Amino acid sequence: MRWTVHGEREIYSSDWVRLTLADVEVPGLRRFDHHVLRMPRPAAGVVVHDPGRGLLLLYRHRFITDTWGWEIPAGGVDAGESPAQAAEREVLEETGWRPGPLRELAAYHPSNGIADQRFHLFLADGATRVGAPSDPSEAERVEWVPVPEVRRIVRDGRMRDGLSFTAVLYALAFDALG
């Protein structure tokens, strides 16, 4: 059944997020207010794979959840940028490596029960070292991690970021890593 939206009002807004209250009705059941997070920018992430090195990963702390974990390079899509252009830019900024050709893996809404955020996932075949990351605040360290170790990282719960977790599992599940 398709819910009816009678309207939506803004509670809070910034360049990063908008919180709204939607007046919705479930046909034949009831009408109620539902909180909605509107995310003005999609995000893009890249599984950078080199057959001889593994995956290019960042190890970082996330203050919101107070957790440490491994992540793929990722970030917001800027105005006028395609998701692929943003993905390439984020890899270079966060790691200092320029990704090889990108191939789209998937796009999805990570929390579609509350937010309209959209993630775009890509696979890059290799990368070329350009220099140090231009944004050193992104990670404690940047490393090439062999695929068998990446499997252990995922299995042991050391990849806590949903975008990274989904992208890496997708690449592993569909043999995108060769």
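In which segment is Met1 found? I located Met1 in the segment before β1 (4–13); helices (H or I, at least four residues) and strands (E, at least two) are DSSP runs, numbered from the N terminus.

A note on what I am working with: this is a predicted model, where local features need pLDDT of at least 70, side-chain atom pairs count only at pLDDT 80 or more, and totals for chains, interfaces and linings use all residues. Residues are numbered from 1 along each chain as its sequence is written, and side-chain values use heavy atoms, with hydrogens and water left out.

**Entry: the start of the chain**
My cut-offs: buried is under 20% relative accessible area, exposed is over 50%, and partly exposed is in between (1.4 Å probe, protein chains only). Together with Trp3 and Leu29, Met1 makes a nonpolar surface patch of about 420 Å². Patch residues have over 30% relative accessible area and no salt bridge; like charges are joined within 9 Å, nonpolar side chains (Val, Leu, Ile, Met, Phe, Trp, Tyr) within 5 Å. A salt bridge is a side-chain nitrogen of Lys or Arg within 4 Å of a carboxyl oxygen of Asp or Glu. Areas are from the Shrake-Rupley method with a 1.4 Å probe, and for residues only the protein chains shown count as cover.

**Entry: strand β10**
Why is strand β10 largely enclosed by the rest of the structure? I found six of the seven residues of β10 (residues 119–125) buried, so the strand is largely enclosed. I then followed its pairing, which needs at least two DSSP bridges between two strands. β4 (residues 43–50) runs parallel to β10 over seven bridges, and Ala43 has Phe119 as its bridge partner. β9 (residues 102–108) is antiparallel to β10, with six bridges; there, Arg103 is partnered with Leu123.

**Entry: the core**
The largest nonpolar core has 26 residues, and Val47, Leu57, Leu163, Val168 and Leu177 have the most contacts inside it. I count as a core buried Ala, Val, Leu, Ile, Met, Phe, Trp, Tyr and Cys residues joined through side-chain atoms within 4.5 Å. Helix α3 gives the most to this core, with five residues. Looking at Leu177, I listed what it touches beyond four places in sequence, including Val47, Leu123 and Ala171; contact means heavy atoms within 4.5 Å.

**Entry: whole protein**
I noted three helices and 12 strands, and 42% of the 178 residues are buried.
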